[in-house]
Amino acid sequence: MAGTLKNLNVLMCGTGEYTTGWTGSGASKSDKKIGVVALTLFDLRRLGKVDQLGMVGVNGSKFPAIRQHLDENIGNVYKDFDLSFDAFPDENKVDPEAYKEAIDKLAAGDAVIIFTPDSTHYPIAIYAIERGIHVLVTKPATQLLSHHNALIEAAKKHNVVCFVEHHKRYDPVYSDAKARAKTLGEFNFFNSWMSQPKSQLETFRAWAGKDSDISYYLSSHHIDICCWILQDIAVPTRVVASAAAGIATSEPYNCVPQTEDTITLLVDWQSIKSSKHRGTAVYTASWTAPLKAGVHTLQHWYYMGEKGDINIDQAHRGYDLTFDDTGKSWVNPFYMKYSPSESGHFDGQRGYGYISIEKFVDAARSVNAGLSQPSDYDAHGLPTIANTVLTTAILNAGRISLDEKRPVGIKRDGDQWILE
Ligand SMILES: NC(=O)c1ccc[n+]([C@@H]2O[C@H](COP(=O)([O-])OP(=O)(O)OC[C@H]3O[C@@H](n4cnc5c(N)ncnc54)[C@H](O)[C@@H]3O)[C@@H](O)[C@H]2O)c1
């Protein structure tokens, strides 16, 4: 019997820039100074969708500074927020497996939101799913296609919601473009660029080139958008990668020798309906773009179909500011709006960073109440773990192509996608 919607208990995994805006080197200097996840969950608690909150990191001694940062920048800025949360591990402990203790304290039907280094997404997500916990995991969902396939299976078996936090699907421009692309017939060509300034090599020093690469970090966004647009139109069949290098590994950045600067994936796509139509996609990402470019993330793409094309420059949205001391900058108010409402409350409920988390909370509550099934969200075209498998297939194939200097095939084997 379908019941009423209960408020969701949520554990945040990761305590860093995206969750709180607090990083290893103090408050973030990026466009996410007060984070996204905790702020959104505090607001969803104020609005009656979320109940208990928890946060798990590795080093418990960071929590006093994090709580102070949240008090000063969120509690003192927006009215009526309850900032309470349970913290793991304890303040005097360092424990990379504290997530297990924190997840063990949850009950089936509760949820976790994972914003941790790329290589930790899979172990945390699978641990949670196997205990009946709903999961929202940031991109790249996993680094290996085999891990992505395992999450699809586990989520199905345990009947939980598992979404990948591909917030760009809720960007009003991208979701409009996806609908219009459908009217352009067969796919022919896609070209995307996403880059951040070289200074990010300092910010990402702990993992750049060691734990993950710039393609996983940035191209994941546009690869997912392209896969989403093409989901009923074409399938990827082959990936060849090329990487520029030499800037990250030189002064003053001195990243580990295997760090690439700019990675390009060249992907062949085969039409689903027409054996004679093929398309090509080129996805490029860089973390050695110029400093002082006026935007933190340059991001644009071009789509050409049989009957027309689409051009999107998401970095320059016709809205720029100039300040005497910092010069010109292009800003993006559609993602997170941090300025309070007339009444002094948080006012960013229409930002696509917020919507992405709210959609997951709504889905988990609805499933808990028996009002929907996790598979319903696959049919709705949301970024579920099942609907995002080709994004991981392409990223993983790109990494193999770079490491083994060869093209990598993608094909369907029974009900799974595999790499050749
Ligand atoms: N910052 C962004 O703008 C952004 C946007 C979208 C997605 N992401 C994704 O978020 C992830 C990183 O999060 P971030 O940007 O907040 O980075 P961050 O480095 O600021 O924070 C990472 C956090 O993960 C924690 N952590 C590391 N290992 C852990 C473990 N075993 N258990 C629990 N916590 C652990 C660290 O303590 C830290 O608090 C990456 O996968 C990245 O692709 C980041």
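Tutor: In this predicted model, buried residues account for 46% of the 420 residues in the protein chain. The secondary structure consists of 11 helices and 18 strands. The radius of gyration of the protein chain is 21 Å, close to the 22 Å given by the globule rule for 420 residues, so the chain is as compact as a globular protein of that length. Along the principal axes, the C-alpha trace spans about 60 × 60 × 40 Å. Of the contacts between residues at least 6 apart in sequence, 71% join residues at least 24 apart.

The domain assignment divides the protein chain into domain 1, comprising 8-167 + 351-384, and domain 2, comprising 172-333 + 390-419. Between the C-alpha centres of domain 1 and domain 2 the distance is 25 Å. Where the domains meet, 16 residues of domain 1 are in contact with 16 residues of domain 2. On the domain 1 side of this boundary, the residues that touch domain 2 comprise six nonpolar, seven polar and three charged.

Turning to the part requested, there are 22 residues around the ligand. Those that come nearest are Gly14, Gly16, Glu17, Tyr18 and Thr116. By class, the shell around the ligand contains nine nonpolar, nine polar and four charged residues.

Definitions and conventions:
Residues are numbered from 1 along each chain as its sequence is written. This is a predicted model: local features need pLDDT of at least 70, side-chain atom pairs count only at pLDDT 80 or more; totals for chains, interfaces and linings use all residues. Domain bounds come from an automatic or database domain assignment. Two residues are in contact if their C-beta atoms, placed from the backbone, lie within 7 Å. Ala, Val, Leu, Ile, Met, Phe, Trp, Tyr, Cys and Pro count as nonpolar, Asp, Glu, Lys and Arg as charged, and the others, Gly among them, as polar. Helices (H or I, at least four residues) and strands (E, at least two) are DSSP runs, numbered from the N terminus. The radius of gyration is taken over C-alpha atoms; the globule rule is 2.2 Å times the number of residues to the power 0.38. A residue is buried if 20 or more other C-beta atoms lie within 10 Å of its own, exposed if 12 or fewer, and partly exposed in between; C-beta atoms are placed from the backbone. A residue is near a molecule or strand if its C-beta atom, placed from the backbone, lies within 6 Å of it.
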